[in-house]
Amino acid sequence: MNVFNPRILEACIRDVSVRLTDHQKASVLLHALEQLPTEGGSREIMESSVQAFLKINGLPCADLTKALILRAKTRLVAGYRTSAQQDLHSVLTLDPDNQDVKAIIHSQHLRPEMLLREPHGPPRFSIEVWTQIALFLPKRDLKSLLLIPHPISRIASQLLFRETDLHLTPLHEPTGLDLGVSFDDASDVDRDLDNWHHQRSADILTRILVDPQFAGQIRSLGIHAASHDLSQSLAFQVGMLLNALPKLSNLKKIHCSGSKDLMLRTVRCIHKCIPKIQELSLELADPSLDIDIPRFKHLTHFSLTSEGGDPTSTHIFIAQSRDTLRALAIQNSCWHFPADALSLRQLSNLEFGGHLTTEMFSEILSNGYQLDSLKLSGSLECSPSPLFRQHRSALPFLRHLHIRITSLNRQVHDRDLCPSISEFVRHRNQLRTYHLFLPCGAENRRIGFDASAWGVLPALSQLRSLAMTIPCDLALGLAGWLVPRNVSALVLDMEGAAVDVMSFLKQIRPGIPTSLKYVGITNMRIRSAQVVVEHGFPQVRVVAIGHNVWSVIRKEVQASDISVEQWPYRRVRFHQKEWLELMECGDAVWRSVSG
């Protein structure tokens, strides 16, 4: 049986060319280019090959003219006549009697004087160069480039649609999110915007179905749908989605939020068509339900947000993926930490929201050696201070720490908890993010939460993001000075501070670091974001009060003339990371597993 593998021939050519001199390699390259057809999308190969060929010194004049003529023919076929004429002019400079050039001039009806014409405008960059330039631009600038009649417009479109979001149902904005200013009522939502997003999602799905090249560009897909479809259009949209998913051959990351039925059908389709998916994020809208997730052998990031339900199937899935998982996020207030299903030594990013138990703290502090980011939230069911003391030097690579205790079990009395956490972070100079939210009131004494929890902050000299609850015994005038000078994002939980707004702003303002660009305030009645900027934080660019966010706008003529602009709910919900980075407030973004 005679079986020939053409890859062997390619390997042999490569092995032989390695042993040749530069001039010999140039001769081999020129011979190969002569065999290359001028049509069929070979212009990029010809351009880069000839450019490399011309960089070699000491080549014969005959070889140079052959290379330039080959490139000129390819450019003429592609419609780049001015560039082709330049190549022909260069050949005539080297060989005035070249017959090949004269034949081309005759066939293309060119006059010799046309070869002397210089191209108008700036030099042309290759598509590769423009792509590298566009990679450094934020999404907002890429969207502006879509309107420019230039090749970079197509490049911007390709980069923008690498991360694609689909909104399959209308968005119902919440009301009364905070005690202060809230978003508009659902009855006042701009339904035209909903219809625009609905049509946009349908157009994207249609484009995926009919354009394989466009489908191959998508790397990340977000699917957003309500648990109940009031417009009765979800079934049709889901049908299009399931037909489009097999076309996404290069998809690496997917996020899906919606009902159990939508999530189950989507996950099964992905498992069948795109088994090499690397990042999976699920947000289950139906309460008290779980979902059977098939195994993905290449999964590195997994995130699940749900409420209630049986964790057994999820724990089985995590156990099946333990060898490949590097980042895990579980948010369910009714669940316990899946210690038996995890291989913590391999994780670099861990987020858990649920029951905080002794087993969880012991497992993380003992085996989370590679953790770079750790986020824990939920009800405290134990007294973990001895574990923090015992493993004071654990987690040596930790740079981002978030702890939020929402409530305390009645049997929990751990007055050394806050002092032990302070000692745990005190000597971590590499710490960039430190968030600590604790219950206030009578529960303060049970966990030892007082002003000493803020005393550790000056030791964290490299801290960039700080979010903490202010205890009732902390002097607000001192709080500002305790904030490390490099902090650019600050969030203050005012649940334990019984003080009016103006008094708070007046006391904390003198000590606030000048590097601050983002400030957030929670659990405090504030009716105007502009008051916060003018009287407390004049240097910031973004203000967040509860769930509401404002941009700070300064007049170019007079910097003291300040106004604020509230963010729409869609921006806060879906595009907050992008806009914060645009406003130079990237330190305010928690680098979550789900992205």
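**Exercise 1. Which residues does W454 touch, not counting residues up to four places away in sequence?**

Solution. This is a predicted model, so let's go step by step.
- Start at W454 and leave out residues up to four places away in sequence.
- The residues that W454 then touches are M468, T469, I470, P471, L474, A479, L482, V483 and L492.
- As a general background, nonpolar side chains tend to be buried together in soluble globular proteins.

**Exercise 2. Work out how helices α3 and α4 are oriented to each other.**

Solution. 
- Find α3 at residues 43–54 and α4 at residues 61–78.
- Their axes lie 10 Å apart, and the packing angle is about 155°.
- Angles over 145 degrees count as roughly antiparallel, so α3 and α4 are roughly antiparallel to each other.
- The crossing of α3 past α4 is left-handed.
- On the α3 side, the contact is made by R43, M46, E47, V50, Q51, F53 and L54. On the α4 side, D63, L64, A67, L68, L70, R71, T74, R75 and A78 take part.
- Sorted by class, this contact has nine nonpolar, five charged and two polar residues.

**Exercise 3. Decide whether helix α17 is mostly covered or mostly open, and find what packs against its buried residues.**

Solution. 
- Helix α17 spans residues 417–426, and seven of its ten residues are buried.
- Those buried residues are L417, C418, S420, I421, S422, F424 and V425.
- Helix α17 is thus mostly covered.
- Its buried residues pack against helices α15, α16 and α18 and strands β8, β9 and β10.

Methods
Residues numbered from 1 in each chain as written. Predicted model: local features only at pLDDT ≥ 70, side-chain atom pairs only at ≥ 80, totals over all residues. Heavy atoms only, no water. Axes fitted to C-alpha atoms, helices over the stretch in contact; angles between N-to-C directions. Helix = DSSP H or I, 4+ residues; strand = E, 2+ residues; numbered from the N terminus. Parallel < 35°, antiparallel > 145°, perpendicular 65-115°, else oblique. Left-handed = near helix turned anticlockwise from the far one by under 90°. Contact = heavy atoms within 4.5 Å. Nonpolar A, V, L, I, M, F, W, Y, C, P; charged D, E, K, R; others polar. Buried < 20%, exposed > 50% of the residue type's maximum accessible area, 1.4 Å probe, protein only.
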